[in-house]
Amino acid sequence: MIVVTLVVAAEATALLLAACWYGYQLAVGSPVLSFWGAVFTLGLLLAFSAWLYAVAVYLYRGYRWTRAAALVAQLFVLTIGFPALGGGLVLAGLAMLLPAVTAIVLLFHNKVISYASRTGGATPAL
């Protein structure tokens, strides 16, 4: 469970760093085709990073919904990692693929499934 949590948190950190770099490039005046499109992309990077941090925290706490969220995030990483690997960016591709594959395999491990079986725990409305 800790390995999967660390992989998701590392991906969230990588996205946050990418958003910071993107925001810096936007602030110093790098040429873009659409300023508001670039701002929207920056917002998406920040939102997805925050979402992955939330997934990592609640995955560590053992909530059930986080397994699906972490799996979807890993599938997104695979869709970027394979073309990067095939496009000649071997180190970048492997840096994306190896943690994603590790997390996917561990998400279906019996211990992770049994640990991440906690529900919301809210009191009933009635």
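Serine 49, with a relative accessibility of 1%, counts as buried, where buried means under 20% relative accessible area, exposed means over 50%, and partly exposed covers what falls in between (1.4 Å probe, protein chains only). This is a predicted model, in which local features need pLDDT of at least 70 and side-chain atom pairs count only at pLDDT 80 or more, while totals for chains, interfaces and linings use all residues. Residues are numbered from 1 along each chain as its sequence is written, and side-chain values use heavy atoms, with hydrogens and water left out.

Serine 49 sits in helix α2, and helices here are DSSP runs of H or I with at least four residues, strands being runs of E with at least two, numbered from the N terminus. Beyond its neighbours within four places in sequence, serine 49 is in contact with Ala12, Leu15 and Leu16; contact means heavy atoms within 4.5 Å.

The secondary structure comprises five helices and zero strands, in the order α-α-α-α-α from the N terminus on. Along the principal axes, the C-alpha atoms fill a box of roughly 55 × 40 × 20 Å. Of the 126 residues in the chain, 29% are buried. Among the contacts with a separation of 6 or more, 65% come from residues 24 or more positions apart. The chain exposes about 8,000 Å², and carbon and sulfur atoms supply 76% of that area, as computed by the Shrake-Rupley method with a 1.4 Å probe; for residues, only the protein chains shown count as cover.

Leucine 42 is found in helix α2 and, at 18% relative accessibility, counts as buried. Leucine 42 touches Ala19, Tyr22 and Gly23, residues up to four places away in sequence not being counted. With neighbours within four places set aside, leucine 46 is in contact with Leu16 and Ala19. The C-alpha atoms of leucine 46 and alanine 19 are 6.2 Å apart, although the two residues are 27 apart along the chain.

Tryptophan 51 is another residue of helix α2, and its 31% relative accessibility counts as partly exposed. Tryptophan 51 touches Ala69 and Ala73, not counting residues up to four places away in sequence. Its C-alpha atom is separated by 15 Å from that of leucine 17, a residue 34 positions away along the chain.

Threonine 66 belongs to helix α3. At 0% relative accessibility, threonine 66 counts as buried. Its contacts, leaving aside neighbours within four places in sequence, are with Val55, Tyr58 and Leu59.

Attention now turns to the surface. Ile2, Leu6 and Tyr60 form a nonpolar patch there, with about 350 Å² of accessible area together. Patches are made of residues with over 30% relative accessible area and no salt bridge, like charges being joined within 9 Å and nonpolar side chains (Val, Leu, Ile, Met, Phe, Trp, Tyr) within 5 Å; a salt bridge is a side-chain nitrogen of Lys or Arg within 4 Å of a carboxyl oxygen of Asp or Glu. Tyrosine 60 is found in helix α2, which spans residues 35–61, and is partly exposed, with a relative accessible area of 49%.

The largest pocket holds about 280 Å³ of space. Of the 16 residues that line this pocket, Glu11, Leu15, Val77, Ile80 and Met96 are the closest to its centre. On a 1 Å grid over the protein atoms alone, a pocket is an open set of points where a 1.4 Å probe fits, with protein on both sides within 12 Å along at least five of seven lines, and lining residues have an atom within 4 Å of a point. Helices α1 (2–27), α2, α3 (65–86) and α4 (90–107) each supply at least two residues of the lining.

Methods: Points joined across faces, edges and corners; volume = space filled by probe spheres on them.
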